[in-house]
Amino acid sequence: MAEAHSLELLVQALRKLPGVGVKSAQRMAFHLLQHDRQGALQLATALQHACKHVGHCLLCHTFTEEEICPTCRDPRRDRSLLCVLENPADQAALERTGAYKGLYFVLMGKLSPLDGVGPKEIGMHKLLERVDTLVDGVREVREVILATNFTAEGETTSHVISQALKARGVQVTRLARGVPVGSELEYVDLGTIAHALVDRR
C-alpha cells in the first residue's frame, strides 16, 4: 500500500506541470521509475535546489539566484528603455531575438479580477517605483515598452499600466502585432490581419 501511495503522490506532483493530465503524468512516472531512476533523482535534486536558491531580482523581478540579476547588472544595457513582460519565459524569448538591448520588468502575471489578481499582485507599485527612480536628478527610464500578451487579460494589464505611466509623463509604447514573417495572408486569421492594417507603417 505504501508503494502505491508513493506512486500516486508522484503522479499527482507531475500533474502540477502545465498541460499534464492524469495519463501523461502516469506515463512520465512509469518511465522515470522503470527506465531512468538516476534521471528521476537528478530531477528531484534540481527542483529542490531551484526552490531553495532561486528568488526574484530586486530590480526587474525576474528569477535569479542573486539579489540583482545579470541583465540588470550589465553596464552595456540601455537603461533608458524598460520592457514590461508577464513572465520570465517571455523575457527569455525576447532575449533570444537579440533585438532588444534595454532592461526589463517582469510582472509575474497579469490582471485578472475574476481570479483575484489585481495591481498589487502583479507588483504594479514596484514597477512605478522603478520608473520613478532618479539618477542625478533625472528619471533614468525614458520609454516603457509594454510587451504583455495579446489576450484579454494582457490587453487590460497593458491599458492599466499605460494609464498610470502616462500620468507620470513617461513615454509608453506597445509591442506591435501583425502578420507573421513568411506567412501568406489567406492562412492568417482575420483578427491578426485587422490589427496589422490598423498598426500599418
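In the predicted model, His61 belongs to the loop that joins β1 (55-56) to β2. The phi angle of His61 is near 75°, a positive value in a residue other than glycine, whereas, as a general rule, most residues other than glycine have a negative phi. With a relative accessible area of 15%, His61 is buried, because burial is assigned under 20%. A second residue of this kind is Asp136, for which phi is near 55°, again positive in a residue other than glycine. Asp136 is likewise found in a loop, here between β5 (134-135) and β6 (138-139), but with a relative accessibility of 77% Asp136 counts as exposed.

Strand β2, which comprises residues 63-64, includes Thr64, and this residue is counted as buried because its relative accessibility is 8%. When residues up to four places away in sequence are set aside, Thr64 touches His53, Val54, Gly55, His56 and Cys57, together with Cys69 and Pro70. A polar atom of the Thr64 side chain also lies 3.2 Å from the backbone nitrogen of Glu66.

For residues 80-180, UniProt lists "domain: Toprim" in an unreviewed entry. Over residues 80-180 the chain is 34% helix and 23% strand, with the end C-alpha atoms 28 Å apart.

An open sheet of 4 strands is formed in the order β4-β3-β7-β8, and its pairing is parallel. In general, the strands of a sheet pair through backbone hydrogen bonds, in either a parallel or an antiparallel manner.

Helix α5 (residues 88-97) lies across β3 and β4, and runs at about 160° to β4. At the start of this helix, a side-chain oxygen of Asn87 comes to within 3.1 Å of the backbone nitrogen of Ala89. The buried residues of α5 are Pro88, Asp90, Gln91 and Leu94. Because these residues cover an arc of only 155° around the axis, they are placed on the same side of α5. The elements that cover the buried residues of α5 include β2, α4 (70-73), β3 (78-85) and β4 (102-106). On the other side of the helix, by contrast, Ala89 and Arg96 are exposed. After α5 comes Gly98, a residue with a positive phi near 70°.

A further helix, α7 (residues 152-166), lies across β3, β7 (143-146) and β8, and runs at about 165° to β8. Thr157 is located in α7 and counts as buried because its relative accessibility is 0%. Leaving aside neighbours within four places in sequence, Thr157 is in contact with Leu107, Lys110, Leu111, Ile122 and Thr148.

Key. Residues are numbered from 1 along each chain as its sequence is written. This is a predicted model: local features need pLDDT of at least 70, side-chain atom pairs count only at pLDDT 80 or more; totals for chains, interfaces and linings use all residues. Side-chain values use heavy atoms; hydrogens and water are left out. Helices (H or I, at least four residues) and strands (E, at least two) are DSSP runs, numbered from the N terminus. Buried means under 20% relative accessible area, exposed over 50%, partly exposed in between (1.4 Å probe, protein chains only). A polar contact is a pair of N or O atoms within 3.5 Å; within protein, one must be able to donate a hydrogen and the other to accept it, and residues adjacent in sequence count only if both atoms are side-chain atoms. Contact means heavy atoms within 4.5 Å. UniProt positions are given in the numbering used here, feature names are shortened, and annotations may be inferred rather than shown by experiment. The arc is that of the directions from the helix axis to the C-beta atoms. Two strands pair if DSSP finds at least two bridges between them. Axes are lines fitted to C-alpha atoms, for helices over the stretch in contact, and angles run from 0 to 180 degrees between N-to-C directions.
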